[in-house]
Amino acid sequence: MMDGETIKEPPQEWGPTAWSHLSAVRDRSLLIQCITNFVSMDLVANTLLSVGASPAMLHSTEEIPDFTPHVHALYVNVGTLSSDWLPAMMAAARLATKLGKPWVLDPVAAGASRFRLNACLELLQLKPTVIRGNASEILALSQASLAPTTGVDSSHESMDAVEAAKCLAQASGGVVAVSGAVDIITQGNRLVGVHNGVPMLQKITATGCAVTALIAAFVAVDPLHAFEATVSAFSVFGIAGEMGMEQAKGPASLRMHLIDSLYGLDQVALLSRINITTALPGHDT
Ligand SMILES: Nc1ncnc2c1ncn2[C@@H]1O[C@H](COP(=O)(O)OP(=O)(O)O)[C@@H](O)[C@H]1O
Ligand SMILES: Cc1ncsc1CCOP(=O)(O)O
Ligand SMILES: [Mg+2]
């Protein structure tokens, strides 16, 4: 294989990998510290509880030295960022990194303002294990440039951000994940697409925040294989979305059925529904 060439992944391995991650998360009572936005706190906490993890929304700077050493992973989300929250995010991420604990960044609306973009760039310096955003967020971060028309929702397709994601992964040294109709996950010379999920997930606020929280839990059980953990979390969340949609009448009932489906997801459903590609059009080598 030539240097820089993308490794071909055996797709048949992903079902068992995702199942073993979900089973481990369910077995382990993982404590996940979430410094997340006001909009997402409820869905993030309920998503983590539905897979057996324990969410804790502790965000005071004063609590970090006592609390962060006990968590299995840290989740930082800048969705409703203000200057008084940033020091806590930085302190928690710094301590997590120092203690060798995984931490995951959700750069919500990274390109919406200079303050937010600079905050995300500062957080990037602290080496997140995984960065998960929508395509517009990953493009803004990768180019370190504002995109003022972009709020929290993406104005791009995930496929538009494949090269940006690869650059960001190289620059940060972490896993970079772009959500969308196809979720793109990349690290080094690895790249896969997860095709699970339903478009209605975009009509529920904070589903992006929730899938990032799930990634934090999955990475907590397997910090040395953050790429596999991230792909597994996306598949599980997307499959739960598909199963929830079979019972839902619209976004509000999908939100409820999504959580129920995460809670009840079994091995047969996961193995039969998981849909992963390892060769994206124009990006397979
Ligand atoms: N068109 C789509 N089809 C299927 N799933 C989707 C689609 N768009 C987003 N999703 C899923 O919805 C969840 C939230 O992603 P997204 O809407 O991109 O994040 P954000 O809310 O941060 O913008 C992810 O699990 C993603 O896979
Ligand atoms: C609407 C909104 N405004 C600030 S944060 C937030 C929630 C964003 O959630 P997501 O990125 O998962 O759509
Ligand atoms: Mg988001």
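Start at ligand 2, where one of its oxygen atoms is 2.9 Å from a polar backbone atom of glycine 208. The model on screen is predicted.

Stay with ligand 2 and select cysteine 209, which has a polar backbone atom 2.8 Å from an oxygen atom of the ligand. Then pick alanine 206, with a backbone N or O atom 3.4 Å from an oxygen atom of ligand 2. Alone, ligand 2 exposes 380 Å², and the protein buries 79% of that.

Glycine 208 leads on to ligand 1: a polar backbone atom of glycine 208 is 3.4 Å from an oxygen atom of ligand 1. Next select valine 198, which places a backbone N or O atom 3.4 Å from a nitrogen atom of ligand 1. For proline 199, the distance from a backbone N or O atom to a nitrogen atom of ligand 1 is 3.5 Å. The protein buries 88% of the 550 Å² that ligand 1 exposes when taken alone. There are 15 residues around ligand 1, and those that come nearest are Arg132, Asn134, Ser179, Asp183 and Val198.

Last, select residues 14–28 (helix 1) and residues 226–245 (helix 9), whose axes come within 9 Å and cross at roughly 90°. Helix 1 is therefore roughly perpendicular to helix 9. On helix 1, show Trp14, Thr17, Ala18, His21 and Leu22; on helix 9, show Phe227, Glu228, Ala229, Val231, Ser232 and Val236; these residues make the contact. Coloured by class, the contact of helix 1 with helix 9 has seven nonpolar, three polar and one charged residues.

Key:
Residues are numbered from 1 along each chain as its sequence is written. Chains are lettered from A and ligands numbered from 1 in the order in which they are written. This is a predicted model: local features need pLDDT of at least 70, side-chain atom pairs count only at pLDDT 80 or more; totals for chains, interfaces and linings use all residues. Side-chain values use heavy atoms; hydrogens and water are left out. Axes are lines fitted to C-alpha atoms, for helices over the stretch in contact, and angles run from 0 to 180 degrees between N-to-C directions. Helices (H or I, at least four residues) and strands (E, at least two) are DSSP runs, numbered from the N terminus. Angles under 35 degrees count as roughly parallel, over 145 as roughly antiparallel, 65 to 115 as roughly perpendicular and the rest as oblique. Contact means heavy atoms within 4.5 Å. Ala, Val, Leu, Ile, Met, Phe, Trp, Tyr, Cys and Pro count as nonpolar, Asp, Glu, Lys and Arg as charged, and the others, Gly among them, as polar. A residue is near a molecule or strand if one of its heavy atoms lies within 4 Å of it. A polar contact is a pair of N or O atoms within 3.5 Å; within protein, one must be able to donate a hydrogen and the other to accept it, and residues adjacent in sequence count only if both atoms are side-chain atoms. Accessible areas come from the Shrake-Rupley method with a 1.4 Å probe; for residues, only the protein chains shown count as cover.
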